[in-house]
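Student: Could you walk me through this model, please? I would like to begin with the terms and then go through the parts.

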Amino acid sequence: ISTSISTSISTSISTITSSSSTFVSPSPAGSVASLLSSEVETSAAPLTSSSSLSSGGGGDSADCLTVPCQRTLIVFDIDGTLVQSTTRPTPNARKHDFRICTGHYVHKRPNYWRAVQMLLEDPRFDVAVWTAAPPHYAADMIANLVPSQYVSQLKFVWDSRKIDVVRPRESVSELFLSEFRHALSTTVVPKRASTSTSISTSSTSSSSSHTRTRTRDSSSSSTSTASTSASSEKRRGERGEKGEKEEEVEEPAVYDFDDLNPSQQSAYSSLQSGRPFAVKKLKKVLSITDLPLSRILHIDDKPETFCLNPRNGIPVSRYLVEPFSTPPSLFDDEMMMLVEYLSMIAPKVEGDRVDGKHHTHWKEEVMQAREEKKRQEKMGGR
């Protein structure tokens, strides 16, 4: 991602509309159908912290059998996170695992089901699925990825009908920009001076030129900024000479691009380039759960999808099928590392949060924990 960004995020959007994909869905079969609905109120069974406990959890999960369980909802994406889906067979790669109704060839991520099953059977966690794909695609994927006896344990399966699609080249709703500014203000420390790698939440720039221009001449932008500052100083001086009382105006927040969470960097870069992107607003989940936002985590390979809830997102590497020469089970340990990390950060007492920090470097934390465990085992064996 380029760090030479000096233009500001525009909030003066004339058209306040929210784009979302709409698909006509054939009736999904089986128990998956009950999890797929276009209505928020009926799209999922209510999530409750008093769900029946299952055996099989690891780590401290046994404590949940004797004390009120501090459950955490884990929301999985599908494409790129649990599987790779392509419209034609991948050359020089292992045979696909299955095909779905749309004709896509699907490769399962190694250990994906082992990881999901461990979370489903761990009383500390609830599991749900939220994909940007159309309903019939989502239903067919779930039918092939989740054994029928486990489908009912998923708290909900959401598809593209719950997605907000941001289309910078058409229109960006003021609601999204307001929520994006709020996410910045609660997760990033603002700078007081603009630099070559800073961005601003000022609403002074033109929305049309901002959302439809891929590149902008940096010298022209700097000159314009300097001219605007000079004009402002001149007006202040004139008002001061006339004895007019100048009204205090709050300065727009300025942030260093490098300080942004990767999800916010990705979303901002998409706004700059005009590339459409999907956003999953976790506050929608709050309408069907008694869990607070501080106990919900979103797993996705596209970090911009949780740009409005950056501390609730855990980014995973996009799963890509490799050639036969590299056995998948040897190079992709992402799902099992994820289970280890979730066990590390799982709330243990009332009031514990899972959104108290960014999860950008979660894999490094798992590797450090593994190394520490090996070191302790080595010292204990002496």
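Tutor: We begin with burial: a residue counts as buried under 20% relative accessible area, as exposed over 50%, and as partly exposed in between, with a 1.4 Å probe and protein chains only. This is a predicted model, in which local features need pLDDT of at least 70, side-chain atom pairs count only at pLDDT 80 or more, and totals for chains, interfaces and linings use all residues. Residues are numbered from 1 along each chain as its sequence is written, and side-chain values use heavy atoms, with hydrogens and water left out.

Student: Is Thr72 buried or exposed?

Tutor: Thr72 counts as buried, at 1% relative accessibility. Thr72 lies in strand β1. Helices (H or I, at least four residues) and strands (E, at least two) are DSSP runs, numbered from the N terminus.

Student: Which residues is Thr72 in contact with, leaving aside its neighbours within four places in sequence?

Tutor: With those neighbours set aside, Thr72 is in contact with Arg124, Phe125, Asp126, Arg295, Leu297, Pro347 and Val354. Contact here means heavy atoms within 4.5 Å.

Student: What does β1 pair with?

Tutor: Strand β1 (residues 72-76) is joined to β11 by four bridges, and the two run parallel. Two strands pair if DSSP finds at least two bridges between them. Phe76 stands opposite Ile299 in β11.

Student: And which residue of β12 is the bridge partner of Ile299?

Tutor: In β12, that partner is Ile314. Strand β12 (residues 313-315) pairs with β11 in the parallel sense, over three bridges.

Student: How many residues of β11 are buried?

Tutor: Five of the five residues in β11 (residues 296-300) are buried, and the strand is mostly covered. Ile296, His298 and Asp300 point one way from β11, while Leu297 and Ile299 point the other way.

Student: Changing topic, what is the strand order in the open sheet?

Tutor: The three strands of that sheet come in the order β2-β4-β3, with antiparallel pairing. Because β2 (83-86) and β3 (98-99) stand at the edges with a single partner strand each, one side of each has no neighbour in the sheet. Strand β4 (residues 105-108) pairs with β2 over four bridges, and Val83 has Lys108 in β4 as its bridge partner.

Student: Which helix packs on the sheet?

Tutor: Helix α2 (residues 135-145) does, touching β2, β3 and β4, and its direction makes about 130 degrees with that of β2. Axes are lines fitted to C-alpha atoms, for helices over the stretch in contact, and angles run from 0 to 180 degrees between N-to-C directions.

Student: Where is Ala138 placed?

Tutor: Ala138 is in helix α2, and this residue is buried, with a relative accessible area of 0%. Apart from neighbours within four places in sequence, Ala138 is in contact with Thr131 and Asp159.

Student: How many aromatic pairs does the structure hold?

Tutor: There are seven. Phe176 and Phe180 form a stacked pair, 5.9 Å centre to centre and with 10 degrees between the planes. Rings of Phe, Tyr and Trp (its six-membered ring) pair if their centres lie within 6.5 Å; planes under 30 degrees apart count as stacked, over 60 as edge-to-face and the rest as tilted. Both residues lie in helix α4 (residues 174-187), four residues apart, about one turn of the helix.

Student: What relative accessible area does Phe176 have?

Tutor: The value for Phe176 is 4%, so this residue is buried. Phe176 also forms an edge-to-face pair with Phe277, at 6.1 Å centre to centre and 65 degrees between the planes. That pair links distant parts of the chain, with Phe277 in strand β10 (residues 277-279), 101 residues from Phe176.

Student: Last topic: at what angle do α9 and α10 pack?

Tutor: Helix α9 (residues 334-345) and helix α10 (residues 362-380) pack at about 80 degrees, with their axes 9 Å apart. That makes α9 roughly perpendicular to α10. Angles under 35 degrees count as roughly parallel, over 145 as roughly antiparallel, 65 to 115 as roughly perpendicular and the rest as oblique.
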